[in-house]
Amino acid sequence: MARAVSTRRKTIATVAAWLVALVIFFPILYTVITSFKTEPEAIAGISLIPSGTFENYVEVQSQRDYFKPFMNSVAIAVGSTLIALLIAVPAAWSMAFSPTRRTKDILMWMLSTKMMPAVGVLVPMYLIFRDTGLLDTRLGLTMVLTLVNLPIVVWMLYTYFREIPGEILEAARMDGASLWNEIVHVLTPMAIPGIASTMLLNIILAWNESFWTIRLTAANAAPLTAFIASFSSPQGLFWAKLSAASTLAIAPILIMGWFSQRQLVRGLTFGAVK
Amino acid sequence: MKLRTYLVGACSALALAGAAHAETLTIATVNNGDMIRMQKLTDDFTSKNPDIQLQWVTLEENVLRERVTTDIATKGGQYDVMTIGNYEVPIWAKQGWLLELDSLGDDYDVDDLLPAIRGGLSVEDKLYAAPFYGESAMIMYRTDLFEKAGLTMPESPTWEFIGEAARKITDRNADISGICLRGKAGWGENMAFLTAAANSFGGSWFDESWQPQFDQPEWKETLQFYADLMKDAGPSGASSNGFNENLTLFQQGKCGMWIDATVAASFVSNPTDSTVADKVGYAIFPSKEGVDNHGNWLWSWNLAVPAGSQKAEAAQKFIAWATSKGYTELVAEKEGWANVPPGTRTSLYSNEEYKKAAPFAEPTLAAMDAADITKPSVKPVPYTGGQFVAIPEFQGLGTTVGQLFSAVVAGQSSVDDALAQAQQISVREMTRAGYIK
């Protein structure tokens, strides 16, 4: 009896999980479906069966070059993530293992920078970028996205590091490990799931960031977010073409997320059952 | 062998030097059919000007407006050519943000530009932007539905006639709305239509001393007429319909009439996209009986050179090419006369081939000729602009008022409440901005 109840509960939970997943994934799925429809089909109403045309992808590619914004997205997302990790790992280490009275305040202050609407600092940022020659450069965008996502990276790493027993680091210190060796050879290997998930999440955030990436670029450093924006038309509802452009833009990050889902889930639930 | 190597090296160096010498123009533009077509035809320009390369930044209209405004206000210098509307041109020119277009070439024929369009792009008789395409507004209606209902569109229709006709054509069972009008909030969306409509009802945004006029009977009559009409004969969800949504509805045969930008005529009469292409008639923007005003809607997308550009000469060369008669002929040769950018040059409307290919040519010209943005209202006003008020504050104020009026169509607010709030907000904003002392 108990086993029957347990099996039923498991089945219900599984079905519920699939339903929730489908609801969350549906907008993306529908975008992909719409990209294979003709424009009249796309506007006609909700339908899950497209005619299967590839003309939107051909049209999108003929109107704009996909490769350049794709490479810009890769460079900016990966670059900003690596720099953020380089800064955040020592910062999170010091706050997790050598906390002071002000550590919590510093963490809160870091997070508070995320609370200000980005548009509030658009003009000062634009002026700084103009004067330093960083407008429409990958370097400039990489720096901005590093700073934009740094609070989240520090917070996530701080949470993971706090799960690692401080005694292990003490033991390493007693064995004569230097600070560098302690972080690189003891702490980092233990925190790899957390670092990996932070890295993946940060790449996703940087890949999808559209406020700064559209406003601080023109023709040279514009990533895929600007590529999508260029297909929004004031003269007609070209939903199928827009869907094809969106599918091309999100496909790389979706594939990456799919293949690294184990690391992502492992990292995000790290210490959750403690 | 050695000599050949040296020669190849020298040629490569020369080629590199040549490439380094080539100027690259960055052009910011919107994603619409005419602009995309221009991007495809630029080989013609670059082959004639091998020392100039072009790179494009294409953005959605509102994002583009925000981007170029930030760039030009901060002298960012990101763009060498900007696509801007006739709302921005006089404001930016007075700020000293745009270069005067004074070297478009001897064969440019600036006098061929439509006077109304040219006037909107000039400050003190100096041209600050060249029009790429222009538009006014007019009625597009279904001739088959009119015939079925026993209606004949008058040469100069009144709002009273439009109201009666729309209600008569409406057939909810057949999913046909008598009229489709903009309801989506925004200074360039519902407020473009409502500002022009208020002009044609005898109203205005401000009086001569910049006092807002929403408490006057003309605005009450305009908004009440619009709200009642949308309720009786408009499509469902009209409060979220803008130009694009109404275009789709009309093309699908779901609207009896549509009053909007003249540029839509080429889309609704194109059999590839429109199911009613051969059943569309055109008429001038309506007015209230006894009021000699057809809204004065006039819009153009224009190419301008920001004052910060280091490549002004090359930029003007490109603008001269893109807005010339030669470009019109190039489009006609490659894509047909019906696809040439409309509404900028007088000569286009005397071209028999164009008139033959574009049945909407004459009504478009009539609509543009009827628009006078220097006298938007029958009352004396201190501003210019037809479907907008050419002051920097209008973008924000127009959008706020647009939200109030959109709420009326959505049934969330009454006409009186919306007008009272619009009046209150406008007085406050105009006082803050220093117009009202």
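## Contact between the domains of chain B

In this predicted model, seven residues of domain 1 of chain B are in contact with nine residues of domain 2 of chain B. On the side of domain 1 that touches domain 2, six residues are nonpolar and one is polar, with no charged residue.

Each domain is assigned from two segments of chain B: domain 1 spans 22-128 + 299-357, and domain 2 spans 137-297 + 380-432. The C-alpha centres of domain 1 and domain 2 of chain B lie 29 Å apart.

## Packing of helices H8 and H10

In chain B, the axes of helix H8 (residues 159-169) and helix H10 (residues 217-233) come within 9 Å and cross at roughly 15 degrees. Angles under 35 degrees count as roughly parallel, and H8(B) and H10(B) are therefore roughly parallel to each other. Their crossing is left-handed.

From H8(B), the residues B:Trp159, B:Gly163, B:Ala166 and B:Arg167 meet B:Phe225, B:Leu229, B:Asp232 and B:Ala233 of H10(B). This contact comprises five nonpolar, one polar and two charged residues.

## Interface between chains A and B

The contact between the chains takes 25 residues from chain B and 22 residues from chain A. Several elements of chain B each supply at least two residues of the side that touches chain A: strands E1 (23-30) and E2 (52-59), together with helices H2 (33-40), H4 (61-73) and H11 (243-251). E2(B) gives the most, with five residues.

By class, the side of chain B that touches chain A has twelve polar, ten nonpolar and three charged residues.

Conventions:
Residues numbered from 1 in each chain as written. Chains lettered and ligands numbered in written order. Predicted model: local features only at pLDDT ≥ 70, side-chain atom pairs only at ≥ 80, totals over all residues. Domains from an automatic or database assignment. Contact = placed C-beta atoms within 7 Å. Nonpolar A, V, L, I, M, F, W, Y, C, P; charged D, E, K, R; others polar. Axes fitted to C-alpha atoms, helices over the stretch in contact; angles between N-to-C directions. Helix = DSSP H or I, 4+ residues; strand = E, 2+ residues; numbered from the N terminus. Parallel < 35°, antiparallel > 145°, perpendicular 65-115°, else oblique. Left-handed = near helix turned anticlockwise from the far one by under 90°.
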